[in-house]
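Dear colleague,

I am passing on the structure that we talked about, and I would be glad if you could look through it with the notes below.

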Amino acid sequence: MAKWTQKKMKEFGLLDSKVHIMDSLLSYPVSRHLELNDEHGNVQFRAPLSEKPLEMDPTSNTIWRNMTFLAYTPSGEVLNKKLVYANYGKPEDFDVLESEGIDVMGKVVIVRYGKCFRGLKIMNAQRRGAIGLLLYSDPLDDGYRVGKVYPDGPWRPETSVQRGSAQFNSLCPGDPQRAHSEATTEQLCGYKPNEVIPSIPAIPISYHDAIPLLLSLQGDEVPPDWVGGLTDKLVYRFGPSKGTVSLGTNNTFKVTPIWNVITTIKGTLPKELDQPVVLGNHRDAWVYGAADPNSGSTVMLEVGRAFGKLVQSGWKPKRTIIIASWSGEEYGLVGSTGWGEEYANTLLKNATVYINVDVGVSGKTFASAATHSLGRELLKVAGKVKDPETQKPLSDVWDKQLGTLGSGSDYTVFLDNLGIASYDLRFMPFNKQPYGTYHSIYDSYTWIETQADPTLEYHVLLSQVVGLLALDFADLDVLPIELQDEAQAISQYVDELEGMHIHGLDELRKAVKELEKSAVAFARNDEVDNQQKNRILGLFERNLLDKEGLPKRKWFKHILQAPGLYLGYEPEVFPGIQQAFSEKNNTMLQQEITRAVSAINRGIRMLTPQNSGEPFVQAVY
Ligand SMILES: [Zn+2]
């Protein structure tokens with residue numbers, strides 16, 4: 001696939017396309033089993049752990065339907081242990097169990113998907129002493145309680161299983177072993193390789209396989225926010241179970257090469273003035289991955305084809321355009337993180353923007369997230385393209401909610417580690433939740449053709465959005481980055497902190513007000529020439545990095561946002577401040593506020609005309 005992608009780019013006329021190979025630690029499934037036993041230890045139910053083939057979907061009947069596993073979970077056996085239900089597996093869910101007097105120590109925990117990255121559910125469970133974990137897809141989250149299930153509709157059918165990585169992504173993304181790197185995981189992230197992946201066996205299961213297990217749970221009924229969608233079949237209880245469960249996993253770990261494909265369209269600006277625009281999406285998938293990531297790969301190839309046409313007509317971009325096809329994303333952003341770390345020095349000095357596409361099309365609702373300085377440009381581009389269903393400009397049907405980036409895709413290294421303003425662009429289902437065949441055998445071309453985007457028009461539309469954005473960033477005289485919009489968003493983040501009753505924010509509030517003023521003044525200042533303006537616009541985000549990184553996770557260096565430490569996907573704003581507050585650590589809270597104020601002040605200094613020539617990248621990284 002890497003060679004094929006490279007060949008395509010060259011066919012399009014983009015001749016500078018290279019395969020970037022890096023050694024990485026990956027893991028592969030060999031076998032797994034799961035049984036429910038009665039009080040005497042006799043097997044009552046043996047879970048098939050397999051997805052049923054569908055006649056109308058030809059790729060659903062291959063051996064991969066049996067390979068349901070969680071990457072980076074260890075091999076292990078658990079024999080005859082009690083089972084407990086822990087809702088979504090968030091820290092507060094385990095607090096509820098504790099307050100109910102239910103100890104998970106030495107037990108197997110069953111949790112449902114959603115709200116929190118799967119690896120962190122395992123992290124939260126093993127920290128409380130659980131010795132095995134079962135992760136099931138509840139129909140309330142992406143099954144028959146949301147809509148009709150595949151093949152009658154797009155949602156998750158009875159035997160479908162969500163595979164995925166179990167890496168602790170909020171501590172340290174990328175190869176857990178940094179096999180390709182001279183630096184160690186401990187140097188880069190502050191953790192040893194075995195501290196960023198699970199130590200207990202864990203298995204992902206379908207709701208078909210979860211029902212007998214949930215039926216075996218005894219004890220009190222759970223509170224309403226713990227109740228899933230299977231209420232027509234069972235009563236949700238905390239447990240422990242009447243009988244016991246046994247489970248086993250056999251997974252192999254292997255250091256093996258992975259392949260990124262990096263296609264470069266060289267800009268005409270001299271090297272010292274070049275500010276490259278980086279586009280990327282991943283190529284690896286859990287099974288066939290028609291939506292995740294092939295809808296995104298289609299978009300990137302289409303953008304490559306369009307740029308190839310332009311190049312053949314004699315066009316050259318002002319700024320260099322780099323189109324990356326990442327590998328190893330599903331294991332934990334391995335390819336993009338490795339490349340970002342390898343080229344950190346260059347990227348820190350000159351990269352302008354990173355445009356990410358992952359699951360490009362899994363529905364028809366535009367749901368994008370970005371650094372807030374990039375919002376206005378996206379709105380402009382959305383005004384130029386048409387929503388196929390309504391024939392209205394995309395800007396008219398878009399709710400214009402620009403999400404804050406968390407984690408879970410390849411923009412993470414660019415934004416959170418390198419301070420490069422980023423976009424993540426996608427069309428999602430109506431509820432803006434993960435689609436129903438995510439990471440299963442049913443994420444197939446047939447699913448796209450019959451459910452998500454039968455005419456592929458949303459694939460075309462997203463290609464237009466990505467292409468037009470890249471073209472503007474590469475060619476406009478002044479970069480379309482609006483710092484006053486970002487300053488305003490930061491001010492709203494401070495409101496959020498105040499809403500949580502975090503006190504002592506006066507100095508931060510003052511600094512952010514000052515930043516808002518400076519950003520407005522900067523936008524109006526005609527005396528700064530374009531060269532200087534572009535330098536400031538392209539590098540502004542770097543000011544928000546702190547070279548020490550966030551508390552307990554030094555790889556995450558951006559003070560404004562990070563994935564929640566215990567939740568993983570969802571972003572937290574001012575994560576250092578929030579963490580200190582949640583740990584009730586006043587000294588740390590003071591430190592984190594001071595660090596945030598310093599970062600904002602660096603931004604203000606950069607926007608102040610007499611200082612704007614100062615070198616600063618070295619100072620913050
Ligand atoms: Zn993906």
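The notes that follow cover the zinc site and then some of the salt bridges.

This is a predicted model, in which local features need pLDDT of at least 70 and side-chain atom pairs count only at pLDDT 80 or more, while totals for chains, interfaces and linings use all residues. Residues are numbered from 1 along each chain as its sequence is written, and side-chain values use heavy atoms, with hydrogens and water left out.

The zinc ion is held by His282 (NE2), Asp292 (OD) and Asp358 (OD) at 1.9 to 2.1 Å, where donors are N, O and S atoms within 2.8 Å of the metal (3.2 Å for Na, K and Ca), and the site may look incomplete because water is not among the atoms. His282 belongs to strand β11 and Asp292 to the loop between β11 and α7, so the pair ties together parts that are 10 residues apart in sequence; strands (E, at least two residues) and helices (H or I, at least four) are DSSP runs, numbered from the N terminus. Both His282 and Asp292 are buried, a word used for under 20% relative accessible area, with exposed meaning over 50% and partly exposed in between (1.4 Å probe, protein chains only).

In the whole structure, 29 salt bridges were found, each being a side-chain nitrogen of Lys or Arg within 4 Å of a carboxyl oxygen of Asp or Glu. One of them joins Glu51 to Arg163, with the closest N and O atoms 2.7 Å apart, and these two residues, which are 112 residues apart, link distant parts of the chain. Both Glu51 and Arg163 are buried.

Best wishes
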